[in-house]
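Work through the exercises below with the structure in view. Try each task before reading its solution.

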Amino acid sequence: MAREKLPEHTERAMAVCRNAKPESKQYELLDSKIPNLELRVNARGKEWSLRYKVKVGDKWRDKRFPLGDFPAVTVANARAAAQQARTDIARGADPMAEREKEAVQRAEEIEARAIEEASKVPVVDAFERWMKSDKPKGRSDGGNELRRVFERDVLPMLKKLMCEVSRADILAITDAILARGANRMAQSAFADIRQFFEFATEREIISANPCDQIKKSSIGKKPKPRERYLDSWEVRQLDQALRNCSLNRVTQIIYMLQIGLTCRINELCQAEWSEIDWQKREWTIPTHKNKSRREITVALSRYSISLLRELQGLTGHTAWLYPGLHESKPVNRKQASNHARDRQRPVGEKPITNRTVETRSLIVGKEQWKTHDLRRSGATLMQRMGIPTEISERCLNHAEGGTTIKTYHRHEYDPEMKRAWYLLSEALSVITGDRGVEFLKELTLDGHRDIEDQVGFLGLVKQFYVKPTD
């Protein structure tokens, strides 16, 4: 049923508005003076609003613009406001859209003020909060190395509030690390710092990440992948040099095992005797102890078994293949690597205080070798014997290719990998054995023969290899 409009006379209109009672359903009292001005009456109260249309694209949209509650907003107030809004609409304005925009801006201002207050947190406090989160804890060492880097290089330079940290502060940290000549460490530290500030941004501790405007490529130089490996002659030279230097026999064995098992130095440093199955002649490297985060079972050949049995006689009373100074813990990886570096120092360079004086005892070839190069050397020997790259890559426990390859190629290659490790064992037995020099000379001669007359690396290994009697 149509309702009476509000009278044009202001006082009469006020009386009608005062006498309007809420009903079971909301209703509107239209104004007779200002078109589309209405008073909405419901159980919550009485509200003025102006209905209008705006064109959006090719279509018209109905909108309602609230003008306030009666009686706080009188009839005269409502009519004046409605008339002004109609004038603005005629000029192309959209008062409701503008009000919504203002509401969003106010909400953003409130949020910004809240974030500003929240960001008045010292960097060290935010760091401790981050360290308790899942990302640092999810690292293989539980975030221990991360804490060490931050406490040494980052936190001392960020003794301020989170909201005060700038792009310049971040670059000052990486520049200080680069000044020490630690290019890779600077890049790694930047990645960790960026992750920390991403966490702070997500938790609304800060409104913007100061690392966002810094390109990773601008931190130091792009490291070149190492290509150093020990050829057959150098492998024999290394074996001889290890036996003749003052380095403890445990480390000597670990270095040669790296070649024979194509494993990482860290995997051997963390290896436990319980991981070795002597009956099956296998070493299982657990997921959490290797970089690829995949368990791998390494086949133990006669060469490797002989070295491991010798090692067992030296460290078998502990839980670890390579125990540290305190035998209840494994050796530190850096300590294991330092033994090699300390014995390959440049000519004339003095030894480091409290370290070995044999600064040239492990020089092999013209270029310095590192522990990771030993692993590469084992894989290279496999390739020389005709082991397919796909197999040697699996022996290295490198990540597989794309999703399609992993989905459709399900063969695990265990027999092929075992054969690769066994052939590598035979080659190392020959190279480091009593007839090693004779073998290497014959290998050199074979390389100068006509291609159809060459025996090849694997063929010569088979000629010289003598299977030990168990």
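A salt bridge is a side-chain nitrogen of Lys or Arg within 4 Å of a carboxyl oxygen of Asp or Glu. The model used here is predicted, and it holds 26 salt bridges.

**Exercise 1.** Determine how the axes of helix H18 and helix H19 are oriented to each other.

Solution. Helix H18 covers residues 436-446 and helix H19 covers residues 457-464. Their axes come within 10 Å and cross at roughly 150 degrees. Angles over 145 degrees count as roughly antiparallel, so H18 is roughly antiparallel to H19. The crossing is right-handed.

**Exercise 2.** Find the residues of H18 and H19 that meet, and sort them by class.

Solution. From H18 come Glu-438, Phe-439, Glu-442, Leu-443 and Asp-446. From H19 come Phe-457, Leu-460, Val-461 and Phe-464. By class, this contact has six nonpolar, three charged and no polar residues.

**Exercise 3.** Describe the placement of Asp-239 and Arg-243 in helix H9, and their salt bridge.

Solution. Asp-239 and Arg-243 are four residues apart in H9 (residues 232-244), which means that about one helical turn separates them. Their side chains meet in a salt bridge of 3.4 Å, N to O. Asp-239 is buried at 5% relative accessibility, while Arg-243 is partly exposed at 47%.

Conventions: Residues are numbered from 1 along each chain as its sequence is written. This is a predicted model: local features need pLDDT of at least 70, side-chain atom pairs count only at pLDDT 80 or more; totals for chains, interfaces and linings use all residues. Side-chain values use heavy atoms; hydrogens and water are left out. Axes are lines fitted to C-alpha atoms, for helices over the stretch in contact, and angles run from 0 to 180 degrees between N-to-C directions. Helices (H or I, at least four residues) and strands (E, at least two) are DSSP runs, numbered from the N terminus. Angles under 35 degrees count as roughly parallel, over 145 as roughly antiparallel, 65 to 115 as roughly perpendicular and the rest as oblique. A crossing is left-handed if the near helix is turned anticlockwise from the far one by less than a right angle, and right-handed if clockwise. Contact means heavy atoms within 4.5 Å. Ala, Val, Leu, Ile, Met, Phe, Trp, Tyr, Cys and Pro count as nonpolar, Asp, Glu, Lys and Arg as charged, and the others, Gly among them, as polar. Buried means under 20% relative accessible area, exposed over 50%, partly exposed in between (1.4 Å probe, protein chains only).
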